[in-house]
Amino acid sequence: SGYFDETEQYNGTSWSELNELNEAGSSAAGFGSATSAIMAGGGGGTRANDEVESWNGTSWTEVAEMNEGKAQVTAAGASGTAGIVFAGRVGPGDTTNTETWNGSSWTEVAELNTARDEAGGCGTQTAAMLVCGMKEEPLGPPSGWFQSNLHEQWDGTSWTETTETNDAVAGNMAMGTASSGFKIGGTQGAVPSILGKSEFWNGSSWTELADLSTVRGYTSQASGTSVSGIVAGGYDGSTYGITTNEEFESEAALSTITVS
């Protein structure tokens, strides 16, 4: 099938192989931590999967399925018992579907304003953001699909469209929180080129900052905060499944001192 079931964990210095997934897949959504995580949906092409696996720090267990199968899907969440999954492909088209996970079951909640796939997402179950992605448009090139610079914020109840990014991309990543985060990498153009650009979100506007050393897209997920994170694997324009990874650390900045 060309899909993988492997799991690797990073300790800050090196990667270690751990127990494999129960089912190999691709373009799935992931959220949580190294000891409590969820992998949901995925597939390839028009294949949209509703299956979900839970990670307890040692092994994967199949758990309750999503209400709607989704490939090229996006997620956010800080643990394997509280997360949110949104957007993605559901066959020939995209979805606005959003579902939350409480550790045992999925609940459909308010839908996105704009359907898309291959987008970046980060944050928590109650405060998340969805940024960029591939958007379907009847008159858009090619074949009605194009990269977007759209950005939506989730407040735990509904999605709101807000400030657009500087560059329209798809296959991009995001990391951080809904109020302080990054959009990283991705593809751009009718004949897609892979980008190394990143943009920082401060809660009101986007600023280009600290490009990747290696251009990459389709990594599914970046991990970390707006001041410390890691990006691993992906597609660099010629090879799928590159093995390089990059760490991001912001420089310490002292902006205000108050003495009393």
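Both Glu199 and Lys183 are buried, where buried stands for under 20% relative accessible area, exposed for over 50% and partly exposed for the range in between (1.4 Å probe, protein chains only). The model is predicted, so that local features need pLDDT of at least 70 and side-chain atom pairs count only at pLDDT 80 or more, while totals for chains, interfaces and linings use all residues. Residues are numbered from 1 along each chain as its sequence is written, and side-chain values rest on heavy atoms, with hydrogens and water left out.

**Salt bridges**

- Across the whole structure there are 7 salt bridges, each defined as a side-chain nitrogen of Lys or Arg within 4 Å of a carboxyl oxygen of Asp or Glu.
- Glu199 pairs with Lys183 in a salt bridge whose closest N and O atoms are 3.5 Å apart, and this pair links distant parts of the chain, with Glu199 in strand E21 and Lys183 in strand E20 (residues 181-188), 16 residues apart; strands are DSSP runs of E with at least two residues, numbered from the N terminus.
- Asp167 and Lys197 form a salt bridge with their closest N and O atoms 3.2 Å apart.
- Asp167 counts as buried because its relative accessibility is 14%, whereas Lys197, at 29%, is partly exposed.
- Arg89 and Asp94 are both buried, and they form a salt bridge in which the closest N and O atoms are 3.5 Å apart.

**Surface charge**

- Glu6 lies in the segment before strand E1 (7-10) and is partly exposed because its relative accessible area is 47%.

Notes:
Helix = DSSP H or I, 4+ residues; strand = E, 2+ residues; numbered from the N terminus.
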